[in-house]
Amino acid sequence: GVQTCALPILKLAVKAWTSDEEQEGLTFYSIIQDCLRHDVDGDLMESIAKYCQTLNLFVVNTSVLQRPGNSSTPVSGAVPDAPWPTKTERGAWIPRDEVDWFKEKLGEVYRYAGYLATSSSPGTAKLLLQLCLPVGAANDLGEIDGKLPVKFHFHFEDQGCNHVNYLEHLTMVPGEYEWLFQHYSCFKVRSVS
């Protein structure tokens with residue numbers, strides 16, 4: 001389990017991740033994501049790795065997570081206030097060629113370099129798509145600045161997942177019910193529509 005003395009540091013890690021405060025137009029999580037995706041080298045990555053190790057203490061232990069017929073609570077810093085979801089969702093504006101890439105990868109497994117935030121609250125993906133519009137005018141296909149709105153669904157297998165954080169109880173944005181997948185998590189493309 002998480003030691004009591006470490007909880008303040010863990011809480012700060014989640015607060016920093018979920019804060020929308022900006023410094024020179026950048027949020028803390030966007031800086032972390034950019035560095036992970038581009039695999040920066042040196043002292044900066046060492047600092048980011050230490051932060052990630054702290055944030056990753058919120059990984060939900062699926063062997064004790066609340067599932068039908070299981071009333072146990074997790075042993076990590078993550079304490080879900082609801083049962084394990086069967087799926088989560090995410091909304092993102094992505095370039096058309098990336099949508100086509102997913103179509104080409106149907107049935108295949110891929111890894112995502114950064115953290116991947118999802119929500120177990122239906123409608124959160126659509127709301128975030130509406131709130132985070134790209135800059136520019138929409139064309140006839142719904143693209144804005146060359147990007148399409150995409151709603152992702154992440155389905156959990158019966159045994160759950162051993163590389164996802166649950167952040168709702170400490171987030172700066174309550175009500176998202178955020179399930180944050182670890183950086184370099186693997187996903188299988190089930191369908192594209």
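Where in the chain does Glu-24 lie? In this predicted model, Glu-24 is placed in the loop between strand E1 (22-23) and E2. The residue is exposed, with a relative accessible area of 80%. Its phi is near 55 degrees, a positive value in a residue other than glycine. A second case of this kind is Asp-39, which has a positive phi of about 50 degrees although it is not a glycine. Asp-39 is located in the loop between H2 and H3, and with a relative accessible area of 54% it is exposed.

The protein chain contains 5 helices and 9 strands. Along the sequence, these elements follow the pattern α-β-β-α-α-β-α-β-β-α-β-β-β-β. The protein chain has 193 residues, of which 37% count as buried. Among contacts in the protein chain with a separation of 6 or more, 71% are accounted for by residues 24 or more positions apart.

Strand E2 (residues 26-27) includes Thr-27. Thr-27 has a relative accessible area of 7% and is therefore buried, the limit being under 20%. With neighbours within four places in sequence left aside, Thr-27 is in contact with Ser-19, Asp-20, Glu-21 and Glu-22.

Helix H3 comprises 13 residues, 43-55. At 1.5 Å a residue, the helix should span 18 Å, and its end C-alpha atoms are 19 Å apart, which agrees with that expectation. The buried residues of H3 are Met-45, Ile-48, Tyr-51, Cys-52, Thr-54 and Leu-55. An α-helix has 3.6 residues a turn, so residues three or four places apart point the same way.

Helix H2 (residues 28-38) packs against H3 through a set of side-by-side contacts: Phe-28, Ile-32, Cys-35 and Leu-36 in H2 meet Leu-44, Met-45, Ile-48, Tyr-51 and Cys-52 in H3. By class, this contact has 9 nonpolar, no polar and no charged residues. The axes of the two helices come within 11 Å and cross at roughly 115 degrees. The structure holds 0 disulfides. Cys-52, one of the H3 residues that meet H2, has its closest cysteine sulfur in Cys-35, at 9.7 Å, which is too far for a bond because a disulfide requires sulfur atoms within 2.5 Å. Cys-52 counts as buried at 2% relative accessibility, whereas Cys-186 counts as partly exposed at 41% relative accessibility.

Leu-170 is found in the loop between strand E7 (164-166) and strand E8 (178-181). At 11% relative accessibility, Leu-170 counts as buried. Leu-170 and Lys-15 are 155 residues apart along the chain, and their C-alpha atoms are separated by 6.7 Å. Lys-15 is also among the contacts of Leu-170, together with Lys-11, Val-14 and Phe-58, when neighbours within four places in sequence are left aside.

Tyr-184 lies in the loop between E8 and E9. With a relative accessible area of 32%, Tyr-184 is partly exposed. The C-alpha atoms of Tyr-184 and Tyr-112 are separated by 4.9 Å, although the two residues are 72 residues apart along the chain. Not counting residues up to four places away in sequence, Tyr-184 touches Leu-36, Asp-39, Arg-111, Tyr-112, Ala-113 and Gly-114. Of these, Leu-36 is one of the H2 residues that meet H3, and Asp-39 is the exposed residue in the loop between H2 and H3.

Val-189 lies in the segment after strand E9 (185-188). Val-189 is buried, with a relative accessible area of 6%. Not counting residues up to four places away in sequence, Val-189 touches Phe-102, Lys-105, Leu-106, Gly-107, Glu-108 and Tyr-110. The C-alpha atoms of Val-189 and His-153, which are 36 residues apart along the chain, are separated by 9.9 Å.

Notes
Residues numbered from 1 in each chain as written. Predicted model: local features only at pLDDT ≥ 70, side-chain atom pairs only at ≥ 80, totals over all residues. Heavy atoms only, no water. Helix = DSSP H or I, 4+ residues; strand = E, 2+ residues; numbered from the N terminus. Expected span 1.5 Å × (residues − 1). Buried < 20%, exposed > 50% of the residue type's maximum accessible area, 1.4 Å probe, protein only. Contact = heavy atoms within 4.5 Å. Axes fitted to C-alpha atoms, helices over the stretch in contact; angles between N-to-C directions. Nonpolar A, V, L, I, M, F, W, Y, C, P; charged D, E, K, R; others polar.
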